[in-house]
Amino acid sequence: MRNGICPKCRSKNIYMRKNGIQVGENSGGVFVHTSTMTRVTPIEAYICVDCGYFENFITDAAKLMEVSQTWTKVEPMAFDMDDL
Ligand SMILES: [Zn+2]
């Protein structure tokens with residue numbers, strides 16, 4: 001979706017905004033729980049204005065490293081064209 005194409009409907013009407021999706025209480029970003037002291041993590045939000053599909057990306061490399069050390073890894077299964 002970062003390439004400007006919707007992975008669901010193939011639309012090229014994709015819009016991005018920093019912290020465009022709010023999940024944290026008073027600010028943008030999301031709470032990604034990797035420890036008991038979790039601060040809000042900024043996100044990049046992408047929305048397809050044709051089908052409404054949206055994706056969020058965490059861009060904080062340190063947070064992504066924490067996730068890889070504390071979350072359960074999902075093993076890849078069958079190849080899915082929708083994920084391209
Ligand atoms: Zn779409």
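The side chain of Glu44 makes a polar contact with the side chain of Tyr46 at 2.8 Å. A polar contact is a pair of N or O atoms within 3.5 Å; within protein, one must be able to donate a hydrogen and the other to accept it, and residues adjacent in sequence count only if both atoms are side-chain atoms. This is a predicted model, in which local features need pLDDT of at least 70 and side-chain atom pairs count only at pLDDT 80 or more, while totals for chains, interfaces and linings use all residues. Residues are numbered from 1 along each chain as its sequence is written, and side-chain values use heavy atoms, with hydrogens and water left out.

**Glu44**
- Glu44 counts as buried because its relative accessibility is 16% (buried is under 20% relative accessible area, exposed over 50%, partly exposed in between; 1.4 Å probe, protein chains only).

**Salt bridges**
- The structure holds three salt bridges, each a side-chain nitrogen of Lys or Arg within 4 Å of a carboxyl oxygen of Asp or Glu.
- One of them joins the side chains of Arg2 and Glu44 (3.6 Å, N to O).
- Arg2 is partly exposed because its relative accessibility is 46%.
- Another joins Glu66 and Lys63 (3.5 Å, N to O); Glu66 is partly exposed at 33%, whereas Lys63 is buried at 7%.
- Lys73 and Glu75 also pair, at 3.8 Å, N to O, and both residues are exposed.

**Zinc site**
- The zinc ion has the protein donors Cys6, Cys9, Cys48 and Cys51, each through SG, at 2.3 to 2.4 Å (donors are N, O and S atoms within 2.8 Å of the metal, or 3.2 Å for Na, K and Ca; water is not among the atoms, so sites may look incomplete).
- Along the chain, these donors follow the spacing C-x2-C-x38-C-x2-C.
- Cys6 is buried at 0% relative accessibility, while Cys9 is partly exposed at 35%.
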